[in-house]
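Subject: Handover of a structure

Hello,

I am passing this structure on to you. The sequence and model come first, and my notes on what was found follow.

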Amino acid sequence: FSRSQGGSVTKNLIGSGANQAVVLSAADLLALGDGVINISAIATNGGGTSSAPATATFTLDTSAPQSPSLALQADTGSSSKDGITANPQVLVSQLESGNIWEVSTNAGSSWTPGSGNSFSLAEGSYASNQVQVRQRDDAGNVSTATGNSTTWLIDTTAPQFIAGSSATAAAILETSGSNRVIYTPQMAATE
């Protein structure tokens with residue numbers, strides 16, 4: 001086994017008349033390095049006569065892809081950076097072409113394949129690093145997972161307003177997506 005940019009590994013097998021697998025150890029893979037690996041196999045009999053070399057190539061890829069990023073598509077809370085939104089869409093970026101990406105909403109305990117460059121979260125609160133994404137390349141290398149850096153609150157339910165019997169609402173204020181409504185009634189002055 002050799003690589004044109006350097007690195008080579010030699011393996012010797014004693015024939016048994018059956019097919020044999022050549023196993024490369026972690027140290028062998030490190031010595032070869034990532035890239036196109038050339039294989040040359042020669043069979044030699046007990047009398048010292050050797051066959052013509054049989055050759056093949058394969059690409060060795062042991063490098064994990066870069067970690068993807070994730071962000072709320074729109075942070076619609078009272079601040080554009082408070083992690084509170086009525087929009088459940090999460091954008092995934094820094095995806096490498098041809099890679100598969102996955103999403104977890106339970107801090108990496110289980111993963112679901114993603115598609116495109118976004119996904120939707122169910123309504124609720126998500127602690128820091130509870131929502132994670134990662135990507136996997138064709139060789140099976142997996143990136144480090146990236147999680148939400150702050151708590152996210154997805155609130156898609158409109159607040160409900162229930163007016164009092166004789167009060168007229170002068171101001172309606174929603175409090176931080178918590179589905180509570182505060183109103184100030186206007187009352188007639190009495191003397």
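In which loop does Asn129 have its place? Asn129 sits in the loop between strand E10 (124-126) and strand E11 (132-136). Please keep in mind while reading that this is a predicted model.

Asn129 is not a glycine, yet its phi is positive, at about 65 degrees. Most residues other than glycine have a negative phi. Asn129 counts as partly exposed because its relative accessibility is 38%, which falls between the limits of 20% and 50%. Gln94 also has a positive phi, of about 60 degrees, without being a glycine. Its place is in the loop between E6 and E7. With a relative accessibility of 42%, Gln94 counts as partly exposed.

The protein as a whole

The protein has one helix and 15 strands. Of its 191 residues, 23% are buried. The accessible surface comes to about 12,100 Å², and carbon and sulfur atoms account for 51% of that. Among contacts with a separation of 6 or more, 49% are between residues 24 or more positions apart.

Nonpolar cores

How many residues does the largest nonpolar core have? The number is 13, and the residues with the most contacts inside this core are Leu70, Val90, Phe119, Leu121, Val131, Val133 and Trp152. Strand E4 (69-72), E6, E7 and strand E13 (152-154) each contribute at least two residues to this core. Another core lies apart from it; this one has five residues, including Phe1, Val9, Ile37 and Leu60. In soluble globular proteins, nonpolar side chains tend to be buried together.

Setting aside neighbours within four places in sequence, its contacts are Leu70, Ser104, Thr105, Phe119, Leu121, Tyr126, Thr146, Gly147, Asn148 and Trp152.

Aromatic rings

The structure contains one aromatic pair. Trp101 and Phe119 form this pair, with 6.1 Å from centre to centre and 45 degrees between the planes. Trp101 belongs to strand E7 and Phe119 to strand E9 (residues 118-120), so the pair ties together parts that are 18 residues apart in sequence. Both Trp101 and Phe119 are buried. Elsewhere, Arg134 lies over the face of Trp111, 4.0 Å from the ring centre.

Asn99

Is Asn99 buried or exposed? Asn99 is buried, since its relative accessible area is 17% and the limit for buried is under 20%. This residue lies in the loop between strand E6 (89-93) and strand E7 (100-104). Not counting residues up to four places away in sequence, Asn99 touches Pro65, Gln135, Arg136, Asp137 and Asp138. With Gln135 there is a polar contact of 3.1 Å between the side chains.

Asn106

Asn106 lies in the loop between E7 and strand E8 (112-113). Its relative accessible area is 32%, so Asn106 is partly exposed. Which side chain does the side chain of Asn106 join in a polar contact of 2.8 Å? The partner is Ser110. A polar atom of the Asn106 side chain also lies 3.1 Å from the backbone nitrogen of Ser109. Asn106 and Gln130 are 24 residues apart along the chain, and their C-alpha atoms are separated by 5.3 Å.

Asp28 in the helix

Asp28 lies in helix H1 (residues 26-32). Its relative accessible area is 12%, so Asp28 is buried. Leaving aside neighbours within four places in sequence, Asp28 is in contact with Val9, Lys11 and Val23. Val9 is also among the residues of the core of five.

That is the end of my notes.

Regards

Methods
Residues numbered from 1 in each chain as written. Predicted model: local features only at pLDDT ≥ 70, side-chain atom pairs only at ≥ 80, totals over all residues. Heavy atoms only, no water. Helix = DSSP H or I, 4+ residues; strand = E, 2+ residues; numbered from the N terminus. Buried < 20%, exposed > 50% of the residue type's maximum accessible area, 1.4 Å probe, protein only. Contact = heavy atoms within 4.5 Å. Polar contact = N/O pair within 3.5 Å; in protein donor to acceptor, adjacent residues only side chain to side chain. Core = buried A, V, L, I, M, F, W, Y, C linked by side-chain atoms within 4.5 Å. Areas by Shrake-Rupley, 256 points an atom, 1.4 Å probe, with all protein chains shown as cover. Phe/Tyr/Trp six-rings, centres within 6.5 Å; stacked < 30°, edge-to-face > 60°. Lys NZ or Arg CZ within 6 Å of the ring centre and 35° of its normal.
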